[in-house]
Amino acid sequence: MAHSSDSSESFQAFLDGQQYTVAGIRHYEYIFGRTYVSTGGENTTKEFVAQLNLKEGDEVLDIGCGIGGSAFYMARTYKVNVHGIDLSANMIGMAKEYREEMEDSVRKNVNFEVSDITVKSFEPGTFDVVYSRDSILHIRDKEQLFANCFKWLKPGGRLMISDYCHGDKDEHSKDFTTYVKDRGYHLLTVKAYGNLLKKVGFTNVVADDRTRQFIDILNVELNGFNERKSGFLQQFEEHYFDYIVNGWEAKVVRCTAGDQAWGLFTAKKPFV
């Protein structure tokens, strides 16, 4: 994850102490799949990454890399080098543990660091791809981050982001506004998100509203989670099961009502 308007230290404490405790990550992993903490797990990772035309040896920056699922998948499948960055020390700790379990060809091509992407610096033209899954929602100043991503990419480099967004409604429900505030999210509409990418210089910007797909994935995940309830309860207490079910059902309601959206954004840095 990245960071909001608070200091990095206080927001990191919130993430590791509340939203992404080690136990909480394990609960999420049970629904998303091993090494994954983003929507659709490996299935959406396969679908999205296939659009990037990755080549062996490409350098990939994974912003909000979580516990490493996408990084391991890209390194294994496409033989690219992935630098994963996340503000959650719990996430990175687990990613590094998983890295040690990986085959040599994956392990040597993936590294992880705990850092705040909003204050991080890389040399211009370092990466072929900047990739992020459902984590930039934590960042208030998206324009500055996108400008940095543009700078860090090589000419011709590609960007891919999936993220939570505001629906296009003029007035959002009280439940939704409370949810966004409690989580410290900073959301834009899908269109506004895409416009920001264009503003900082990206071309070939596609801002794709994937909310219908998001709802379908949530329902599939819910069904699978319910089917595996007994296995979950062998490891965790029942109130954690209820918490996830209620959370997923609430996302379906928010998205169906037009309050919440899910966007997939792709863009390129021009050669000149």
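Visitor: Is Asp 58 buried or exposed?
Guide: In this predicted model, local features need pLDDT of at least 70 and side-chain atom pairs count only at pLDDT 80 or more, while totals for chains, interfaces and linings use all residues. Residues are numbered from 1 along each chain as its sequence is written, and side-chain values use heavy atoms, with hydrogens and water left out. Buried means under 20% relative accessible area, exposed over 50%, and partly exposed in between, with a 1.4 Å probe and protein chains only. Because its relative accessible area is 5%, Asp 58 is buried.

Visitor: Which side chain makes a polar contact with the side chain of Asp 58?
Guide: Asp 58 sits in the loop between helix 3 (41-49) and strand 1 (59-63), where helices (H or I, at least four residues) and strands (E, at least two) are DSSP runs numbered from the N terminus. A polar contact is a pair of N or O atoms within 3.5 Å; within protein, one must be able to donate a hydrogen and the other to accept it, and residues adjacent in sequence count only if both atoms are side-chain atoms. At 3.4 Å, the partner of the Asp 58 side chain is the side chain of Arg 158.

Visitor: How far apart are the closest N and O atoms in the salt bridge of Arg 26 with Glu 29?
Guide: A salt bridge is a side-chain nitrogen of Lys or Arg within 4 Å of a carboxyl oxygen of Asp or Glu. Arg 26 and Glu 29 are three residues apart in helix 2 (residues 22-32), so about one helical turn separates them. Arg 26 is partly exposed at 29% relative accessible area, whereas Glu 29 is buried at 8%. Between Arg 26 and Glu 29, the closest N and O atoms are 3.1 Å apart.

Visitor: What is the phi of Asp 134?
Guide: Asp 134 lies in the loop between strand 4 (127-133) and helix 7 (142-152). With 10% relative accessibility, Asp 134 counts as buried. Although Asp 134 is not a glycine, its phi is positive, at about 55 degrees.

Visitor: Where is Asn 204 found?
Guide: Asn 204 counts as exposed at 55% relative accessibility, and its phi, near 50 degrees, is a positive value in a residue other than glycine. The element that holds Asn 204 is strand 6 (residues 203-209).
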